[in-house]
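Open the model in your viewer and keep the sequence panel beside it.

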Amino acid sequence: MSADPLQALANAGQGKSTRSLLRVIILALIAAAAIASRLFSVIRFESIIHEFDPWFNFRATKYLVANGFYNFWDWFDDRTWHPLGRVTGGTLYPGLMVTSGVIYHALRALTIPVDIRNICVLLAPAFSGLTAIAAYLLTNEMTPSSSAGLLAALFMGIAPGYISRSVAGSYDNEAIAIFLLVFTFYLWIKALKQGSMLWGALCALFYGYMVASWGGYAFITCLLPLHAFVLICMGRYSTRLYVAYTTWYALGTLASMQIPFVGFLPVKTSEHMPALGIFGFLQLLAFLDYVRSAIPSRQFQTFLWLFAGGTFGVGLLGLVIATSAGIIAPWGGRFYSLWDTNYAKIHIPIIASVSEHQPTAWPAFFFDLNMLIWLFPVGVYLCFQELADEHVFIVVYALFGSYFAGVMVRLMLTLTPVVCVAAAIAVSTILDTYLSTKSPKPEESQAAEGSEGKKAGKSGLKAASKPVVGIYGLWGKSMMVSALAVYLLLFVLHCTWVTSNAYSSPSVVLASRLPDGSQHIIDDYREAYQWLRQNTREDAKIMSWWDYGYQIGGMADRPTLVDNNTWNNTHIATVGKAMSSSEEVSYPIMRQHEVDYVLVVFGGLLGYSGDDINKFLWMVRIAEGIWPDEVSERSFFTPRGEYRVDGEATETMKNSLMYKMSYYNYNNLFPPGQAVDRMRNARLPEVGPTLSTLEEAFTSENWIIRIYKVKDLDNIGRDHAAAAAFDRGTKKKKAIKKRGPRSLRVD
Amino acid sequence: MRFLPTLLLALLGSASAAKKSPEERFQTYHAKALSSAPVKLGDPSYRELTGTPRDYTVAVLLTAMDARFGCQLCRDFQPEWDLLSRSWTAGDKKGESRVVFGTLDFADGRDIFMSLGLQTAPVLFLFPPTIGSHAAASPEPIRYDFTSGSQAAEQVHAWIARHLPDRPHPPVKRPINWMRWISTFVILSGGLTASYAAWPYVLPVIQNRTVWAGITLISILLFTSGHMFNQIRNVPYVAGDGRGGISYFASGFQNQYGLETQIVAAMYGILALSGISLAIKVPRISDPKMQGIAIIAWGSILFVVYSLLLSIFRGKNAGYPFSLPPFM
């Protein structure tokens, strides 16, 4: 308490109330800073929903606000996954939408007129403020030093690892889930420390909220049992643990089963089994504990451990058998890919295709956490000093979290809270040591060491076996403190820089710099979606790669074939096949799915890397997974194994619908023979591709979005190739007959 | 008795192959396969077996097993191929699936490799039937793509099965690896005995907090320095810089080398160690002079290494604007 860093400054206010007031003010300022640093995108662009998934969440929220909760719960969406539709109400995590809906109605009730879009845009920053406070509470459970909590709150508020998913406009499940994650952990620690059923029930309540919000709840479902298990292995079973765990598990599981999307998964799938197993194990332990207290016996201890271990082994065996017998569903693909790192690559290309599921290279860690990354081990080491139950939690969480963050970029998000807590413990320990105004007298401490040396040797760590004397020289203190101040300042600068440069782009709107340094906004996406909204029938089906499904649904309000909710791999593969096959094959597929327009993203003119030609191989791969005989990835590579788009490209590539749609008419922009794809630095052939079953309907200003209309059947019964050839004036009667493409009739 | 010489002739002479009916050919080769699958083919028997009116399917592996060719893939795939053909033939003794598995080595069928214009081995062809109820439109063989993924027998089995609808697909049966079971058992029991004997000595180590702290910190450093990335992506350990030297750091934000991650992990380790020393050890030094030296030493190590880390990171991320003095 005495070594609060601000305490040294605010020496005047020694009273307890002054200190709490200061703490509240500081926390409020931190929350404000957390919110403010997430507003870059709103200031730089506008109040707009970002990226892909948030567009679906936004659309669902609008539906919820417009139609009420029960309609939302039963929502069957026939405007996506045409012609299948999607049982949306039963296949989403409703927490985010319901949260915004409640806020919206609360503000309405307070007669504050606010647009639902603004609530959605600003929800993530608002919750990040709460996350900072939750991190403060969690850290305060770990260490008596109150400065650690404030530092943790500050780190949590501005660490780029968390900002990456919570800038204004990033209206995604993670926006509220990280707050719930940290707060659930806080409640768990509280419940464990006090052995309190009330805290355990609160923990279960927030766990239920977490399950309703994000699929990542499995992280909690696995971490809490692991913590309990480690505690038991350390011989730290206690009634506190029993009460906290059983309360959380029983209530939390019941709560999680209320979500239609989760349903009976908690008693069926393997990722929920550790929690169930530990629950049973704790019952056994409690039973044996009771028996031991009733029947005193010397040999009982041995018997107890043998019995408990044996039962655990049998349970594990039963789990394995039940899994292999198919009673319990096998591990979910996404989860499985975390353990067997090659699983996804071989079996589920759609999971491997998502860039967030890639492993993390070290620069990403440093980019997202900066100096916290090396303060993190220091904090974990400090936790070993005392190693109470809550410190074991930090250690377990640190190991678990860093493994998963290493395997999957996206899970950096779940690592960030523990990094912030551990780093805050480290920094506050150093600050507490070096900011103390009291300096020991050499003679006194040396005398004290002689008497205390043996007594203090009880702590488990070798490094901490001697008693603390403190820092003698004022210069040493000032040197360390100023160095640390420099690091902290650098950290703040780093976070601001990263946030402003890397994480604040809405990706719906692209920003570029003109030669004079001024900003130029590239707004092709919205231009194209607006065109669709205004120029097509309301039920015109749009085919595009699944990445753009949510945006088309949200911004253009048109039915799509596939979207970012990748629930039906075959349907996605169908679109992949249509894109990667020749026109003769694709046209029947498009007719069968009543496609009216096809949308492709093309970055060749602007050098935009996120375009469809770059994603094309994934379409081919996913299609090949379903139709290995009709689509082959190999035929898109030249004999020398290159993926090319220029004159050297393979025939399959040149004839694929995607290639044709991307480069159709593109060479007209350039002088003859000069057409260049600026993204792939490829000189394109002089004669561009021809399209006979599609016609160009719209191309945006910078050619990023190109929309094609699917032609109707020819009105005098010719096939499209012949009709197109006739229109071009190149019809040769005999040649056409010889070529005789397959009939395009669809039965 | 008149049949016997003709049958013998048919078996021996390939010249009469064209005259034999598809059914006869299938029975001949199926009988051969039953005794030793896959059938080892030569130049004439390959032509006979794949000759065109055929009402059966032929799966032929064209390979080059001779050590001169140094075909690693051939040697890796051969046991899988043998396993597949053996278990298929054993599961289909009556020949209901009407598949013949054959292997043609380059040494036995140089001309066929030439005539097919094959530059690489192994090549797996599946010749569909041309007559009969399962006749395919084209007599041309289907080629298996060896480039994608592993070449396990199961995968090839799935590929063949896909091309043979409505016919039985005997599954691949892997023989039990007794050696592995026995060695696992021996190692396990040995390990258990050893741990039982060493338990009194091991226990203090297991219960030692410093040991656990060390293990924890090392794993954290491994994971946060991108070790899993190396595991998953199989990145090279180091690479040349094109001028005869070694480049320690991969260019680009999304790339890294094995050595690079070790350097980074070591730097994180040094930084963490100085942090721990400053937080725990230094305030416990009772001699003022020693303490002063320790503060300066650890403090400056921290500063310099952090500065180095920042400069390395600037190398990875060109636009990064921040740096600390020594390595600007």
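This is a predicted model: local features need pLDDT of at least 70, side-chain atom pairs count only at pLDDT 80 or more; totals for chains, interfaces and linings use all residues.

**Stop 1**

Select residues 209–224 of chain B, which form helix 8. Show the side chains of Val211(B) and Ile215(B). Both are exposed, on the face of helix 8 turned away from its buried side.

**Stop 2: the buried face**

Stay on helix 8 of chain B. Now colour its buried residues: Ala213(B), Thr216(B), Leu217(B), Ile220(B), Leu221(B), Phe223(B) and Thr224(B). Look down the helix axis.

Next, check the length. Helix 8 of chain B has 16 residues and reaches 22 Å from first C-alpha to last, close to the 22 Å expected at 1.5 Å a residue.

**Stop 3: the cover**

What covers the buried residues of helix 8 of chain B? Select from both chains. From chain A, the cover includes helix 19 (362–369), helix 20 (372–386) and helix 21 (389–407). From chain B, it includes helix 9 (227–233) and helix 10 (258–281).

Then step just past the end of helix 8 of chain B. Gly226(B) sits there with a positive phi of about 85 degrees.

**Stop 4: chain B as a whole**

Along the principal axes, its C-alpha atoms fill a box of roughly 115 × 55 × 40 Å.

Colour the chain by domain. The assignment gives domain 1 (3–163) and domain 2 (208–316) in chain B. Their centres, taken over C-alpha atoms, are 57 Å apart.

Two figures for the chain: buried residues make up 31% of its 328 residues. Of the contacts in chain B between residues at least 6 apart in sequence, 64% join residues at least 24 apart.

**Stop 5: a hairpin in chain A**

Switch to chain A and select residues 510–513, strand 1, with residues 519–522, strand 2. The two strands run antiparallel and are joined by 4 bridges. Pick Leu510(A): its bridge partner in strand 2 is Ile522(A). Finish between the strands, where the hairpin has 5 residues. Here Gly517(A) takes a positive phi near 95 degrees.

How values were computed:
Residues are numbered from 1 along each chain as its sequence is written. Chains are lettered from A and ligands numbered from 1 in the order in which they are written. Two strands pair if DSSP finds at least two bridges between them. A residue is buried if 20 or more other C-beta atoms lie within 10 Å of its own, exposed if 12 or fewer, and partly exposed in between; C-beta atoms are placed from the backbone. Two residues are in contact if their C-beta atoms, placed from the backbone, lie within 7 Å. The expected span of a helix is 1.5 Å times one less than its number of residues. Domain bounds come from an automatic or database domain assignment.
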